[in-house]
Amino acid sequence: VQLQASGGGLVQPGGSLRLSCATSGIMFSGTIMNWYRQALGKPLEWVAGFLPEGNITYADSAQGRFTISRDDAKNTAFLQMTSLKPEDTAVYLCYARRGTFQYWGQGTQVTVSS
């Protein structure tokens, strides 16, 4: 199973980015997908995810600015981020869970700076 996160980069405050998490080796449909982030020197922080019943939930820091989505036909999850702030700077990682199995992607760096 592989999770490949991409789409990070350097963006100015107020800008937008769309992260992708392409998966392989897993039956994507029905797999719970989440996004986490980790800023330098800080603990891992959950950002957004799909609940087992399919509903979507967001951390307070992401609510109203970030949108998680998925394309089951492409085995890919997305995180659309808007109104980015310097405090959003972090490595963003995707996480997949299917049954008792859990998988992590390698992360993509997002830097919000002017």
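A residue counts as partly exposed when its relative accessible area lies between the buried limit, under 20%, and the exposed limit, over 50%. Ser-83, with a relative accessible area of 40%, is therefore partly exposed. The structure here is a predicted model. The chain has 11 strands and zero helices.

**Overall fold**
- Read along the sequence, the pattern is β-β-β-β-β-β-β-β-β-β-β.
- The radius of gyration is 13 Å, close to the 13 Å that the globule rule gives for 114 residues, so the chain is as compact as a globular protein of that length.
- The C-alpha trace spans about 40 × 25 × 25 Å along its principal axes.
- Among contacts with a separation of 6 or more, 53% come from residues 24 or more positions apart.

**Surface and charge**
- Of the 114 residues, 41% count as buried.
- The accessible surface comes to about 6000 Å², and carbon and sulfur atoms make up 50% of that.
- The chain carries 9 positive and 7 negative side chains. The centres of these two sets lie 4 Å apart.

**Strand E8 and its partners**
- Strand E8 covers residues 76–81. Five of its six residues are buried, so E8 is largely enclosed by the rest of the structure.
- E8 pairs with strand E3 (residues 17–24) in the antiparallel sense, over six bridges. On this side, Ala-22 has Thr-76 of E8 as its bridge partner.
- E8 also runs antiparallel to strand E7 (residues 66–71), and six bridges join the two. Here, Arg-70 has Ala-77 of E8 as its bridge partner.
- In a regular strand, side chains alternate between the two faces of the sheet.

- E7 and E8 form a hairpin with four residues between them.
- Asn-75 lies in this loop between E7 and E8.
- Phi of Asn-75 is near 55 degrees, a positive value in a residue other than glycine.
- Asn-75 has 30% relative accessibility, so this residue counts as partly exposed.

- Ser-83 sits in the loop between E8 and strand E9 (90–98).
- Ser-83 is not a glycine, yet its phi is positive, at about 50 degrees.

**Points to keep in view**

Definitions and conventions:
Residues are numbered from 1 along each chain as its sequence is written. This is a predicted model: local features need pLDDT of at least 70, side-chain atom pairs count only at pLDDT 80 or more; totals for chains, interfaces and linings use all residues. Side-chain values use heavy atoms; hydrogens and water are left out. The radius of gyration is taken over C-alpha atoms; the globule rule is 2.2 Å times the number of residues to the power 0.38. Buried means under 20% relative accessible area, exposed over 50%, partly exposed in between (1.4 Å probe, protein chains only). Contact means heavy atoms within 4.5 Å. Accessible areas come from the Shrake-Rupley method with a 1.4 Å probe; for residues, only the protein chains shown count as cover. Lys and Arg count as positive and Asp and Glu as negative; His and the chain ends are not counted. The place of a charge is taken as NZ of Lys, CZ of Arg, CG of Asp or CD of Glu. Two strands pair if DSSP finds at least two bridges between them.
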